[in-house]
Structure formats: C-alpha cells, structure tokens
Amino acid sequence: MRGGDGQTGELFSYVDLEARVRRDHPLRRIRAIVNDALSALEREFAALYSPIGRPSIPPEKLLRAMLLQAFYSIRSERLLMERLEYDLLFRWFVGIGVDAAAWDHSVFSKNRDRLLEGDIAAKFLAAVLAQPKVKKLLSTDHFSVDGTLIEAWASMKSVKPKDSSGEPPAEGGGRNAEADFHGERRSNETHASTTDPDARLYRKGRGKEAKLCFMGHGLMENRHGLLVDACLTFADGHAERVAALHMIEPRADRSAAITLGADKAYDAEDFVNELRSMKVTPHVAQNISGRSSAIDGRTTRHGGYAVSQRIRKRIEEAFGWIKTVAGQNKTKLRGRDRVGWAFTFSAAAYNLVRLPKLMAVPA
C-alpha cells in the first residue's frame, strides 16, 4: 500500500536524541572522551567567567561545537550555527535540546575568543592525553617532531613598508585595486602586513614564492602517532628547532634517555648538541648536500635510528588532517594568538578522531 504524501507536521513531537544516534556511531566514544576532558577543566573554566551577570554560552558546549566544526570541515561559524539548527546529531553531541535555538554566530565567535585567555586549547589537549585509557597508548621514550606552514588570512597586497615611505603604483580604484610590485624588494625587516602584522613573509624553498605565513609545530609519540604537543610561532628559519627544544624539554626530565626523530631541517650542530645535553638521542636525518652532517656513525649505526626515520614521517598524516579536514591550511583568523589556539585545538581534534579505533584494539 502506498503511503500518503502528507505535508502537515505533528502538533506535538517527543524526540529522544539519545535514541536517534545509533549505538555504534563513532561520535559516541569521542563524546565520552571529550566529556571526561572537559570535566577535568572545570576549574580553568570557572576562572574565566564572572560569578555575576548574564549567562554566556557554556564553554563545554562551545568546545564540543568547535570539535564538530573540525570533524566535518565546516568553514565558518555562520555555517556551523546553521547546521546546529537542524542537525539532530550535532545537537546531541553539543548537548542542546531539540527545542533550544542555535546561537547567533557573532555571539559564538565572541565567546570563543574568551577561551584564548586561559590557553584552553593546550589544556584541553593535555586533558585528553592524561586520561588513563589514553595515556596507556602513548610512548614516553620515542618522539618525532616537525613543522608546517599555515598560510595567513592576509593578501600580499597588504604588505607595506613599515615606515610608510611609499606605496606601489596602483591602477584603477576600489578596495581591490591592481598593484604592481615589480622590482620592489620586500623583507620582514622593512615590510609588514597591515591586515595581520603577526604574519611573516616566508619562502618554503628555492624557486618558491614568498607567502604570508605562520609556522605550526607538532610533537608526536612514535607508538601510535598521536600528537602530544603543538604550538605555533612566527615563520622564520630557526623556528622549527627552537620549538622542538621547547616541546621536548619537559619530556626529557627523566633518568633514561629518549629519542627524537626529525627531518634534515633539524640537522644543525647547535640543535643536536642541545638535545644531547638534555639526554635526548637525536634521530635526525642527515643533511649532506654540500655540507657535513651533525649526525655521525655513533647514531646512525643503531637499528633504532632507522626505525625513527621511518616512523617520523607519520607526523605528516597529522598535519595533512589538520590542514585539509580541520581547515587550517589557510587560517581564517588573524593574529598569532588566535591562529595558534586554533592550530593546537585542531591537534586535539586529530587525536580524538583516531582514539576510538586505537582504544578498540586489544592491548
């Protein structure tokens, strides 16, 4: 019998969101991990808000919504709020009822900026990794490090002399007029972006064009390829090695030596010597292109060196997910603090995507 094409909805509807999400949905296990991490951050959240005044968006719901934005590649807060308005799965994960209205996108963005003050992204990443069921998956003695470029939300036309000594000749008018920079030498010492002053001109390699960028850094444990630390710095030639030392130092405070895998960009004598002084064995790829390497046979002769060189490449999987799925290839935020917050939070989201499968495998 053919059903009728009725167009009128029911006057009353009793919807149980818990029943609408299937029992084996991947978000169920992720939500359990997220809720445990958010519970551990209760004091940090309380310190960010005044005890009086108008209630804001709960930070727990705010962070759950931002995780969905990363998981489902939603490019703006406006689209996220639109999706939250009609998607029952999103409402269930965030923790709002069927009858509750989604927040205004501008209010959501304003409340998100409040979380910058408490460095909540880094604390959330640490809270996820500190859970006993997650902690047992992590390696404590073998790590890999790498950096990646995050393109700034600013155009090359915004790069102007710092002393305002001159402007390139422009043709036509309007807010996006044609500009001719031919013959003009621009560098970070003499020029800066008026749109995002924290962004730096950086060239990835010889023959490549310079772009306005930040540099994101990740520290990966080698057992399962999870990111245990992440940060963002200005883009320059020394940023990768400085960030690597900053991230590995807390984990080197132990009696037994640990290893750190890295690519050729880290093959510098001062960096290698600094690692050895911290009892960190430098499993750094040798750079012998017209120069001598700081890594010699004392390191390369061991089988663990080859293993580290093979596993360290898995950090590119994390960067690939962060830049494509989580949308950090070209950030939509301005300022080092905001971009760094989003990069670190995306690193936590990457771990959460991988954890359900890793936890399902018997130890």
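Two or more residues in the lining of the second largest pocket come from each of β1 (142-151), β7 (210-221) and α14 (315-324). β1 contributes the most, six residues. This is a predicted model: local features need pLDDT of at least 70, side-chain atom pairs count only at pLDDT 80 or more, and totals for chains, interfaces and linings use all residues. Residues are numbered from 1 along each chain as its sequence is written, and side-chain values use heavy atoms, with hydrogens and water left out.

The volume of that second largest pocket is about 540 Å³. A pocket here is an open set of points on a 1 Å grid over the protein atoms alone, where a 1.4 Å probe fits, with protein on both sides within 12 Å along at least five of seven lines; lining residues have an atom within 4 Å of a point. Volume is the space filled by probe spheres set on the points, which are joined across faces, edges and corners. Helices (H or I, at least four residues) and strands (E, at least two) are DSSP runs, numbered from the N terminus.

Of its 19 lining residues, Gly147, Thr148, Leu149, Tyr202 and Lys204 are closest to the centre. The lining has six nonpolar, three polar and 10 charged residues. Ala, Val, Leu, Ile, Met, Phe, Trp, Tyr, Cys and Pro count as nonpolar, Asp, Glu, Lys and Arg as charged, and the others, Gly among them, as polar.

Now the largest pocket, at about 620 Å³. Its lining has 26 residues, with Ala122, Leu125, Val228, Asp229 and Ala230 nearest the centre.
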